[in-house]
Amino acid sequence: MQKSSNIVVGLDIGTTKVCVVVAEKDESGKLNILGHGRAVSEGLQRATVVNINKTVDAIRSAVADAERESSIRIRGVNVGISGAHVHCINSNSEISVNQSGVVNSSDVNRFLEKAKTNIRYLDIDHEIIHVIPQEFIVDDQEGVLDPIGMAGTTMRGSAYIVVGMKTKIRNIKQCVEKAGLVVNTMTFEPVASGLAVMKESERKSGVVIIDIGGGTTEVAIYIDGAIRFSEVVKVAANDVTHDVAYGVKALYEVAEELKIKHGCAYIRDRSQDEEILVQGIEGRPQKSFLKSSLTLIIEARMMEIFELIRDAVQRSGYYEYLNAGAVLTGGGSLIPGTETLAAEVLGLDVRTGPPEGISGGMKHSINNPMYATVMGLVAYSFEHSSSQDYDAVEPREQQPPVADESSADDVQNQSGTRFVDRLKDWWDRL
Ligand SMILES: Nc1ncnc2c1ncn2[C@@H]1O[C@H](COP(=O)(O)OP(=O)(O)OP(=O)(O)O)[C@@H](O)[C@H]1O
Ligand SMILES: [Mg+2]
């Protein structure tokens, strides 16, 4: 599978922030960030759009920052999708290999198309978001992850099909399009986060990726190199903030600051207690609060999150196969003590993971678990974009007067030159 451009754009529309990353691959295969942008997100609840205009404004603002930083006009994006409406179906497929007897990319595409049509049941209000191959069996050779180039006559195997509610998918697309962009691809967020934080050895040994966001906690299990299970849990780090606000009787914003400044998720990590001052609401007097009480509030909610994850992992049937344990990511994983608590509740070895495989000067501003999804969206685009995808970017100089109305295909075909080549010239001239 090839990519159409050497520059891709990831767009993560999260419950607390919208972020955009423009990146290219360097010679060593790492992701070199050319620009990024971030805006506060106020149009989503639990990763689902509830206010189109606020979401569009946040996308526009994050995109404008990324464009300014990269000096590139963004057109097409790989946008993340999540929420409790998204679920996954395993489907089997079998095809005859083309006449040459060597598996090629169109065989793989046929295999995936057949896997889609082999789904036994799909709700009328749901549609397929994307199809991820799990493993292939070429003739009698089992456990093949990349079959291209292998000799054989038949190819069997399974695929992981991500489906979601049509209306909620349409809302995401509408927001992206209203912000003047094109949806090149859509990727289930836990798949993206997994791709960003997981090491190859973990993917092979068996690992669960846990992305603790603001509104949702996303779980993805990888065994023998392929995704096997995923789930979106509707409890996350913003619930911790709400609990703190109730517990100390403070505004949400004050509680958020307390959580970030003094928060801890594991009571036994607090050796010495200390008093903290909490601002009263609307001029009411300041109150003092013990750090240990704050920790107890946070620990209770974080424990609930990990118990829900443990239940999901046990239900999946893969618990015994998680040799590498768990990787925590997402902004919620930054609360100190979270790793220890997770290890205790899940009964697994745990590490916290920022996105991997990034190079260049902007590496440090993205080196945070909060950016795992957006970096995974970029990585997924490089791995999976097909040659029919629209280009992700266009140089500012060549921006058409009414960019929103012209299709990306038109842009690609202007003056008969491939867009990618013109982009390279443009870079060379800089
Ligand atoms: N340094 C920090 N310490 C503790 N918590 C933090 C820190 N930074 C961010 N958070 C918390 O992380 C959460 C946001 O995480 P993240 O940015 O991954 O969410 P999101 O992608 O916007 O939401 P979702 O994935 O649920 O749609 C917030 O609840 C925030 O309070
Ligand atoms: Mg997120």
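The following questions and answers concern a predicted model. Residues are numbered from 1 along each chain as its sequence is written, with chains lettered from A and ligands numbered from 1 in the order in which they are written. In this predicted model, local features need pLDDT of at least 70 and side-chain atom pairs count only at pLDDT 80 or more, while totals for chains, interfaces and linings use all residues.

Reader: Which residues come nearest to ligand 1, and which elements give two or more residues to its shell?
Author: A residue is near a molecule or strand if its C-beta atom, placed from the backbone, lies within 6 Å of it. Of the 23 residues around ligand 1, those that come nearest are Gly14, Thr16, Gly213, Ala237 and Gly331. Helices (H or I, at least four residues) and strands (E, at least two) are DSSP runs, numbered from the N terminus. The elements giving two or more residues to the shell are helix H6 (237–248) and helix H7 (252–262).

Reader: How many residues of the shell around ligand 1 are nonpolar, polar and charged?
Author: Ala, Val, Leu, Ile, Met, Phe, Trp, Tyr, Cys and Pro count as nonpolar, Asp, Glu, Lys and Arg as charged, and the others, Gly among them, as polar. By these classes the shell around ligand 1 has 7 nonpolar, 13 polar and 3 charged residues.

Reader: How is H6 oriented relative to H7?
Author: Axes are lines fitted to C-alpha atoms, for helices over the stretch in contact, and angles run from 0 to 180 degrees between N-to-C directions. The axes of H6 and H7 come within 8 Å and cross at roughly 110°. Angles under 35 degrees count as roughly parallel, over 145 as roughly antiparallel, 65 to 115 as roughly perpendicular and the rest as oblique. H6 is therefore roughly perpendicular to H7.

Reader: Which residue in S19 is the bridge partner of Ala326?
Author: Strand S18 (residues 325–329) runs parallel to S19, and 3 bridges join them. The bridge partner of Ala326 is Val350.

Reader: Which residue in S10 stands opposite Phe136?
Author: The open sheet S8-S11-S9-S10 has 4 strands with antiparallel pairing. Within this sheet, strand S9 (residues 126–138) and S10 pair over 2 bridges. Opposite Phe136 stands Val144.

Methods
Pairing = 2+ DSSP bridges.
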